[in-house]
Each structure stands twice: as structure tokens, then as C-alpha cells.
Amino acid sequence: APVAVTIDGTHALVDGIVILGFSPADVDAAIAAHASGQTLGTSDRYTRTFEVAGTVSFVTTTPDGTRTVVSTYGDGYRTTVHDRRSGEQIGDPLIGPASVAVSSDGVLVGARGSGDIIQYDLDTLEPIGAFPGARGHVLSLQFSSDGRVLAAASADQTVSLYDVTTRIRLGEPIPSDSPVTQGWLHPTGNTVAINVHNGVAIWDI
């Protein structure tokens, strides 16, 4: 059987397949991208693979487990929604956001290079609201497990935290002296770990 090597708790390497996410609706279902970055597959009872345009940067499934959300880059950034079983693309792609995330209750957000963070309708991919912009290119977006808090790590060495319901930023962006800043929310959303020059700093929210 293929051997999975856990890298950081969410990524693993399985015979050349980089697993990028798990289905919120079924923890036994892994969503994977091939090392070439252009083939996606689900590792559950019904194995499926399908081709996407560009290199995969993010993949997850919707909370009900019926759709797969994929972000790719190549000739620009694209986010597409696919039927999880067939791989068929549903609707037109969302063009522009370089970073995307989907919460456990189905909130889709995307961040553009300008730092703008937009909430989109997961069914139509139309914009429905905006969060106060981050202060630079957003490197990553992450929701707390309950979907209440959103963290955005930016290239200006800050991490911004937001209340998802109100789309209000929680305090000022948290600075870091690390060249590449990342923030990891605790599943409860009560603390955030941020890498700094000489280690990791834990902040209460």
C-alpha cells in the first residue's frame, strides 16, 4: 500500500501524489493533486481523477461533500467548482484571487494581489461582501474550525484576523519579523500562532 508521510498535519506525499486537503463531510476522503499539479483525485470509496488548467495551489470540498473547490495558477489565477464524483466543472471560473479558503459552513473568500479580501457566493462565485483589506499581497487564508474567525497572512509581514459574520477586522494586523509570515489558527479560533525570526509567537484573540 502507498505510504503517507505527514508534512504539517494537512499535507502528505503518497507515491508522487501531494494531498492538499480533506473533505469536511468525510474525513476518510482525501482530495489530492498529482506532482505535475494538473491532475486531481479523490481517495475515497469511489476514486476519481480529473484534469484542471494550471498548477493546483488549493483544493477542498464543500461542507456537504458534493463539490470540490480548486484554485490554480498558470495564465492568471482561477478558482473553479467541480462535481466531486464526476469532476465536471460547475459554472464559470472565478478569475483573480490568488489565495482562497472555504469555511466549514460554506463561506468562500478570496484575496487578490492588491490585498483585497472578498467573500463570494459559493454557488454563483459572485462577490457578496468585502473584508477590510490586508496591507499587502495575501500569502494564505485560513478559517477556524467553526468558521467564526478568518486569518490572512500577508507579504508585508503581518497577520490580520477577522470576525467572519460581521467582516470586521479584530484589532490591528499582528506584525512578524520573519521574512515569510504565516499564521495558524487554533481550531477553536481563540489563539493564533505566527512564525517569527527566532521561533513561533502565540497570540490570544
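## Thr72 and its surroundings

Leaving aside residues up to four places away in sequence, Thr72 touches Val52, Ala53, Gly54, Thr55, Val56, Ser57, Tyr77 and Arg78, where contact means heavy atoms within 4.5 Å. This is a predicted model, in which local features need pLDDT of at least 70 and side-chain atom pairs count only at pLDDT 80 or more, while totals for chains, interfaces and linings use all residues. Residues are numbered from 1 along each chain as its sequence is written, and side-chain values use heavy atoms, with hydrogens and water left out.

Thr72 lies in strand β8; strands (E, at least two residues) are DSSP runs, numbered from the N terminus. With a relative accessible area of 5%, Thr72 is buried. The classes used here are buried for under 20% relative accessible area, exposed for over 50%, and partly exposed in between (1.4 Å probe, protein chains only). Between the C-alpha atoms of Thr72 and Gly54 the separation is 5.4 Å, although the two residues are 18 apart along the chain.

## Thr79 in strand β9

Strand β9 spans residues 76–83 and holds Thr79. How accessible is Thr79? Its relative accessibility is 0%, so Thr79 counts as buried. Setting aside residues up to four places away in sequence, Thr79 touches Val69, Val70, Ser71, Pro93, Leu94, Val100 and Leu125.

## Two aromatic pairs

A pair of aromatic rings is described by the distance of the centres and the angle of the planes. Rings of Phe, Tyr and Trp (its six-membered ring) pair if their centres lie within 6.5 Å; planes under 30 degrees apart count as stacked, over 60 as edge-to-face and the rest as tilted. The count by this rule is two aromatic pairs. In one of them, the ring centres of Tyr73 and Tyr77 are 6.3 Å apart and the planes stand at 45°, so the pair is tilted. Tyr73 is partly exposed at a relative accessible area of 40%, and Tyr77 is partly exposed at 35%.

The rings of Phe131 and Tyr162 have centres 5.5 Å apart and planes at 75°, so this pair is edge-to-face. Phe131 belongs to strand β14 (residues 127–131) and Tyr162 to strand β17 (residues 158–163), so the pair ties together parts that are 31 residues apart in sequence. Both Phe131 and Tyr162 are buried.

## A four-stranded sheet

Strand β14 also takes part in an open sheet of four strands, which has the order β11-β12-β13-β14 and antiparallel pairing. Two strands pair if DSSP finds at least two bridges between them. The edge strands are β11 (99–102) and β14, each pairing on one side only. On average, neighbouring strands of this sheet are turned by 25° against each other, direction ignored.

Strand β13 (residues 117–120) pairs with β14 in the antiparallel sense over four bridges. Tyr120 has Pro127 as its bridge partner in β14.

## Two salt bridges

A salt bridge is a side-chain nitrogen of Lys or Arg within 4 Å of a carboxyl oxygen of Asp or Glu, and this rule gives a count of two. Arg67 forms a salt bridge with Asp123, with 2.8 Å between the closest N and O atoms. The pair links distant parts of the chain, 56 residues apart: Arg67 is in strand β8 (residues 67–74), and Asp123 is in the loop between β13 and β14. Arg67 counts as buried at 17% relative accessibility, whereas Asp123 is exposed, with a relative accessible area of 58%.

Asp146 forms a salt bridge with Arg148, and here the closest N and O atoms are 2.5 Å apart. Asp146 is partly exposed at a relative accessible area of 36%, and Arg148 is partly exposed at 41%.

Note on methods:
Axes are lines fitted to C-alpha atoms, for helices over the stretch in contact, and angles run from 0 to 180 degrees between N-to-C directions.
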